[in-house]
Amino acid sequence: MADLAAAPPRAQHGWSIGWGDAGPFLALAALVLIGFLINPDFLSANNIANVVTRSAFIAIIAIGATFVIASGGLDLSVGSMAAFITGVMILFMNWAAPSVGTAAIPLGMAVALVTSIACGLLNGTIVTIGRIEPFIATLGTMGIFRALITYMTNGGTIAIDRSLRDAYRPVYFGDVLGVPIPILVSLAVALVAAYVLYRTRYGRRCVAVGANEDVARYSGISVARVRTLAFVIQGACVAIAAVCYVPRLGAATPTTGLLWELQVITAVVIGGTALRGGRGRVWGTVAGAVILEFIANLMVLSDFVSEYLVAAVQGVIIIIAMLIQRMSKR
Amino acid sequence: MTAAHAALAPAGLPGPVLRAERLAKEFSGVRVLSDVSLDLRPGEIHAVIGENGAGKSTLMRLLSGYLKPSEGTLFMDGAPAEFHAQADAQAAGIALVHQEILLAEALTVSENIFIGREIARFGRLDERAMREAAAAQLAEIGCKVSPNDLVRDISLANRQLVQIAKALLGTQRVVIFDEPTAVLTHDEVDPLLDIIVELKRRGVAILYISHRLDEVERLADRVTVLRDGRMVGTYDAHGLTPRRMASLMVGREFASLYPARQDPARLGQDESTPALEIEGAHVPGFVTDVSLTLRKGEILGLAGMIGAGRTELFEGLLGLRPSSFRAVRLHGKPVGFHSPAQAAKLGVGYLTEDRKGKGLLLEEKLAPNLTLAALDRVHPIAGLDLAGEADLLDRAVASYDIRLRSRDAKAGQLSGGNQQKLLLAKVMLNEPSVLIIDEPTRGIDIANKSQIYAFIQSLVREGRSCIVISSEMQELIGLCDRILVMRAGRINGELAGDAMTESNVALCATSSATNEKIPGRNIDG
Amino acid sequence: MLRNALIAAGVTTALLAAGPASAAEKKTIAVSIPAADHGWTAGIVYHANATAKEINKAFPGIEVIVKTSPSASAQVSAIEDLSATRKLDALVILPHTSEELTTPVKAIKEKGSFITVVDRGLNDPHIQDLYVAGDNIAVGFNTAKFLVNRMGGKGNLVVLRGIPTVIDDERIKGFRDGIAGSDLKILDIQYANWNSDEAFKLMQDYLAKYPQIDAVWANDDDMLLGVLEAIKQSGRKDIKFALGGNGMKEIIEKVMAADPVTPVETPYPPSMIKTAIYLTAAHFAGHAPVRGSLKLDAPLITKENAEEYYFPDSPF
């Protein structure tokens, strides 16, 4: 119990990741190894590229969710918001395409960003100014966004204008030096997010608010502003994900983004962010999103699992991944 | 040091109920307690004192079955006893009253008392039997709350009593009190001590752990002193003064807890603008029409019972709760704060009384805690300057003598005294000219207390001004230049100089009498 | 579809003849269907509303009310509310699930309403007066037969199935029956929840796992869209056929354009609700009672007959 008299030497600061944070990466490594043993094709460049690219949407949205969850909030609306933003974006681009041609694509991206920031602001203000539990508030907006996309599509499909398809396609299917663009986008988002969370006043405050709202308040932090901004960041991330998503299938449907919110929350928690707030791990979140997609991929590539039991095996693997993470913290 | 082992029972007294022989405890190779022997006799109060980290709580947890000793033996009525879990000790008649209030706020008093040992008939909870038993138990210790009250609706003092009622449920032969008065105000303490004396009269063996040496002097029959995990000795309490106890605990002679006071003459003559003037403060439900003036370079004490509105006055001032003020002047300039951030910017710092709940992020490391209220200082242009932050921590650790095992420690791993120093360093990072400290030494040990008093004194010598809110009258009297006493949301008296005595403070805090009745009062300000 | 149109035309004639006679007493037909949550149900909603408008306009003696419900429990509440507030002469229902709707529909039947069940049967077939459904087994079977014929009876297949339900099971059963006896081999079969995104991912994984795939069957057109995108991205040339089912207009367009990979389509037309509503109306307006069951065929849609199955205004 005795405290040491002299101040111990300084620890290394910077971007280094301690062992306690290595959990999700260990789980990811274990999964890659198992995958390779099950089916060597798993490690083929093509498969890895496909799977990591696919995980980009969840990863990008989950990076936003890392802020919301670290600040003590929760956003259940991200899946339907993504669908809604996709719909708004496609409708806008289709409307603009005849007059401005392919310039409709960047304009559509801007519209997506503005709309989803507004959606995030809506979530944030309902939670902070309206003082409604985030779970309930975003459960409400989840229904609203889902209904809006269903209404916009009449229950069917809104497809992107043919004149824009080929111009926009590379945003999902293209690559730079062999690295698919969605991977580059998620890396960029993660870099910026890690900087904001670990190296700015806002990041500190975000975590402080999630750790203990009273301490934050007594330290002169505007809790409402910090929380609201977390939802806005979440909104911006949804927009970026939607921008990458649209060129993949070129359409928005009422089932777009269905249950993404659960995958997002799972990715965030696997990544080491505390669900009750006060601890955020951006790179862990990215690893979490990749883990989820790897698991789904492995289910198909392996021949052991009956198609009827896939979900059960996925559940077991997620729990094991969490246990690895928990044990590596000790 | 004359370690007068008074271990043998005087002839004619009953033998010990519980005896510990050469207890030792290691945690992952670190020895936190070694070679401690003591015995508890029926109808006797045995106090254990020692600084934080001396091993008091480890000892207490060994005796009550929360921990198993690494070495040594416990004897119950002379026979070796081994407690595998707290329930074993409980079954043997050993009860522990925790220092912290461990009650579920959303449940009723009765539900809390019976939590984990509910009375059920045929598998169905017998609420009535539990309520009646709870009511009887509460009546016995003179606690006036109803078993149906929700714990969140009753006062801190009553919660402590409920906790005692809970511990005493069933036949108890040994009751261990772990700093039961730490969270209580002065006049809440007496009824509690009466209960303890009553238990003793009934033949219960009592182990009493406390920082408040005056209480120990008043209550204890024997005193065991621990230092650095070892036993200094067991002493007959008769004739053992608090000063002697403090010396035994610290291991050196102790001159004075309080730093030398400033020259009162100098303060009285200071004609410069007051540091802070508050006029007509209202905090709905807590404070009514309070005005006060803090002079430059002064330590102004604010006494009163919990609930008198002391804390709420300043939370209102900083915009932490709804309030109105006729006027607030800082160094003569009218101001109004809407947030602690703005107050900090203008030079007013506030240390909360609740350092664990409102002061520090216990799960965070030290540096983020230190800079949380002053992030602008480590944010030169774009990102946080982590190296600069580490420098600030170095400086804080050095200037406030914060003792830590590792720089990567979390705030929650520091001892109470070091947490308080860290909190002080955190608030001082904004360089406040006016510092408001709420309960500066609650639950911390003597050595740290003395250091914190010295820090406060040196801060005012630098020209800052300080308001100290405290429930410990001794502390206010020893430290402050002047004391205001609040009662029921108003200022009920002002004391300075020789008028600052415990009885005067207590009188102002409790009686509705006006200043006239207080002898030697000092009218100024 | 041709047959549907004929039935509709015949019924319309009967109604026209009977119109004035039945004007005295107004009959109420309630239509309870799932809310539009994917392409096919959107088609159902579209056709139900269009038909209600037609009938309400043409025949003052009959009022058709359309009610959509997002879930089985909401559908139970909806039909209970409908029957509580007014007398229902007939109920046309496309149940969310057979299990949950059987008892509530039976209760309405006992109040004297005429019951028409569409697509998904109830657990107790005695409740229904009229049953109109597509043929899910034929959807699978006809697709399988086409593949057997065109691939010379051998090759490697992968299959994407939807959500574990009777419809899905029947289509898969029909397909397995269809390839039985040939050397077509199903390499893999997995659920993709009738969702294009999941189908895209699943197809990518199939492509990574199997170096040689001769044909893909997705048992619904939403999934086929994802499959086609994944094939396009992979650049693989070994896949000779990628077929779907349900008659989505985007896929019909491909058939009309003689797409080499998707040259045929099987219908499971949402317009079956239209047939059901018209036949129910005929029961009241016509002179003869209409009872029994009607199973719509699922013939192959080819370039030649695609026009008949193409509804450019429908969302599906």
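Predicted model: local features only at pLDDT ≥ 70, side-chain atom pairs only at ≥ 80, totals over all residues.
## Chain arrangement

Two pairs of chains touch, and the pair with the most contacts is A and B. Chain A also has an interface with chain C, where 36 residues of chain A are in contact with 31 residues of chain C. Chains B and C do not touch. Their nearest C-alpha atoms are 35 Å apart.

## Interface of chains A and B

On this interface, 32 residues of chain A meet 42 residues of chain B. Together the two chains bury about 3,200 Å². Carbon and sulfur atoms carry 56% of that area.

Two salt bridges cross the interface of chain A and chain B. A:Arg201 forms a salt bridge with B:Asp376, with the closest N and O atoms 2.4 Å apart. Nine residue pairs are in polar contact between chain A and chain B, both residues being at pLDDT 80 or more. On the chain A side, the elements giving two or more residues are α9 (181-199), α10 (201-211) and α11 (213-218). Of these elements, α10(A) gives the most, with six residues. By class, the chain A side that touches chain B holds 17 nonpolar, seven polar and eight charged residues.

## Interface of chains A and C

Chain A and chain C bury about 2,600 Å² between them. Here 46% of the area lies on carbon and sulfur atoms. Three residues, A:Leu249, A:Val300 and A:Glu307, supply 23% of the area that chain A buries against chain C.

The rule finds six salt bridges across the interface of chain A and chain C. A:Glu293 forms a salt bridge with C:Lys201, and their closest N and O atoms are 3.2 Å apart. Across the interface of chain A and chain C, 15 residue pairs are in polar contact, both residues being at pLDDT 80 or more. Six helices of chain A each supply at least two residues of the side that touches chain C: α2 (45-54), α6 (134-153), α7 (162-168), α8 (170-173), α12 (223-249) and α14. α14(A) gives the most, with six residues. The side of chain A that touches chain C has 12 nonpolar, 14 polar and 10 charged residues.

## A helix pair in chain A

Helices α9 and α14 of chain A also pack on each other. α14(A) spans residues 282-301. The angle between α9(A) and α14(A) is about 145 degrees, and their axes are 9 Å apart.

From α9(A), the contact is made by A:Leu187, A:Ala190, A:Leu191, A:Ala193, A:Ala194, A:Leu197 and A:Tyr198. From α14(A), A:Val282, A:Trp283 and A:Val286 take part. The contact of α9(A) with α14(A) has 10 nonpolar residues, no polar and no charged.

## The antiparallel sheet of chain B

Four strands of chain B form an open sheet in the order β2-β1-β4-β5. Their pairing is antiparallel. The edge strands are β2 (30-40) and β5 (79-81) of chain B, each pairing on one side only. From one strand to the next, the twist averages 30 degrees.

Strand β1 (residues 18-27) of chain B is joined to β2(B) by seven bridges. B:Phe27 has B:Val30 as its bridge partner in β2(B). Helix α1 (residues 56-63) of chain B packs on this sheet, touching β1, β2 and β4 (71-76) of chain B. The direction of α1(B) makes about 120 degrees with that of β1(B).

## The parallel sheet of chain C

Chain C has an open sheet of six strands in the order β2-β1-β3-β4-β5-β10. The pairing in this sheet is parallel. β2 (62-69) and β10 (292-295) of chain C stand at the edges with a single partner strand each, so one side of each has no neighbour in the sheet. The twist averages 15 degrees from one strand to the next.

Within the sheet of chain C, three bridges join β4 (residues 114-118) to β5 (residues 130-133). C:Val117 has its bridge partner in β5(C), C:Tyr131. Helix α2 (residues 39-58) of chain C lies across β1 (27-34) and β2 of chain C. This helix runs at about 160 degrees to β2(C).

Methods
Residues numbered from 1 in each chain as written. Chains lettered and ligands numbered in written order. Heavy atoms only, no water. Contact = heavy atoms within 4.5 Å. Buried area = accessible area lost by both parts, 1.4 Å probe. Salt bridge = Lys/Arg side-chain N within 4 Å of Asp/Glu carboxyl O. Polar contact = N/O pair within 3.5 Å; in protein donor to acceptor, adjacent residues only side chain to side chain. Nonpolar A, V, L, I, M, F, W, Y, C, P; charged D, E, K, R; others polar. Pairing = 2+ DSSP bridges. Axes fitted to C-alpha atoms, helices over the stretch in contact; angles between N-to-C directions.
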